Amino acid sequence: WSSILRIESVQRRFTRMIEGVGLLPYSERLQVLQLTTLAERRSRGDLIEVWKASQGLSQLTGVLNFSRSGVNLICKPGKSKSSKINRIKRNFINERVMLFWNKLPIEVKNAPPGRNGHSALIPLL
């Protein structure tokens with residue numbers, strides 16, 4: 001988290017330098033400038049990657065475990081031969097994505113691919 005906080009502080013400092021919004025609180029500066037926090041962008045990117053995997057459009061397709069319905073992410077115990085895949089499973093799915101993904105409406109999870117592969121999903125996140 002320390003590197004994320006450092007990067008976020010750069011955005012805080014930069015938005016302070018913009019005339020007309022620099023004196024506003026950080027959350028209001030983000031709204032006026034139509035920006036999001038780094039944590040929000042990361043979560044959105046993670047959800048897009050899970051959606052791509054659910055559609056078979058990602059390299060993570062074999063790493064993620066979906067329920068029988070193919071919609072919800074589930075946590076299945078098991079070890080892969082690759083320590084890299086085990087690290088991805090532990091850090092990516094359990095802690096960052098699973099709860100958010102499972103709360104999304106079914107229409108979002110089953111949204112068809114658009115021109116760039118995920119355009120139908122983006123407005124809904």
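Biologist: Where is Q34 found?

Modeller: Q34 is found in the loop between α2 and α3, where helices (H or I, at least four residues) and strands (E, at least two) are DSSP runs numbered from the N terminus. This is a predicted model, in which local features need pLDDT of at least 70 and side-chain atom pairs count only at pLDDT 80 or more, while totals for chains, interfaces and linings use all residues. Residues are numbered from 1 along each chain as its sequence is written, and side-chain values use heavy atoms, with hydrogens and water left out.

Biologist: Is Q34 buried or exposed?

Modeller: Q34 counts as exposed because its relative accessibility is 71%; exposed means over 50% relative accessible area, buried under 20%, and partly exposed in between, with a 1.4 Å probe and protein chains only.

Biologist: And which residues of α2 are buried?

Modeller: In helix α2, residues 26–33, the buried ones are Y26, R29 and L30. Seen down the axis of α2, they fall within an arc of 100 degrees, so they line one face of the helix; the arc is that of the directions from the helix axis to the C-beta atoms. What covers these residues includes α1 (2–16).

Biologist: Moving to α1, which residues are buried there?

Modeller: I4, E8, Q11 and T15 are buried in α1. Their arc around the axis is only 50 degrees, which puts them on the same side of α1. An α-helix has 3.6 residues a turn, so residues three or four places apart point the same way. The exposed residues S2, R6 and F14 sit on the face of α1 turned away from its buried side.

Biologist: What do the buried residues of α1 pack against?

Modeller: They pack against α2 and α3 (38–54), where contact means heavy atoms within 4.5 Å. The axes of α1 and α3 come within 9 Å and cross at roughly 120 degrees; axes are lines fitted to C-alpha atoms, for helices over the stretch in contact, and angles run from 0 to 180 degrees between N-to-C directions.

Biologist: Which residues meet there?

Modeller: From α1, I4, I7, E8 and Q11 meet L38, A39, R41 and R42 in α3.

Biologist: How far apart are the C-alpha atoms of R13 and Y26?

Modeller: The C-alpha atoms of R13 and Y26 are separated by 9.5 Å, and the two residues are 13 residues apart along the chain. R13 lies in helix α1 and counts as partly exposed because its relative accessibility is 46%.

Biologist: What makes up the largest nonpolar core?

Modeller: That core has 10 residues in all, namely L47, V50, W51, L73, V97, M98, W101, L104, V108 and A111. A nonpolar core is a set of buried Ala, Val, Leu, Ile, Met, Phe, Trp, Tyr and Cys residues joined through side-chain atoms within 4.5 Å. At least two residues of this core come from each of α3 and α4 (83–103).

Biologist: Where does A111 lie?

Modeller: A111 lies in the segment after α5 (106–109), and at 4% relative accessibility it counts as buried. The C-alpha atoms of A111 and Q55, 56 residues apart along the chain, are separated by 9.2 Å.

Biologist: How many helices and strands does the protein chain have?

Modeller: The protein chain has 5 helices and 0 strands, and 31% of its 125 residues count as buried.
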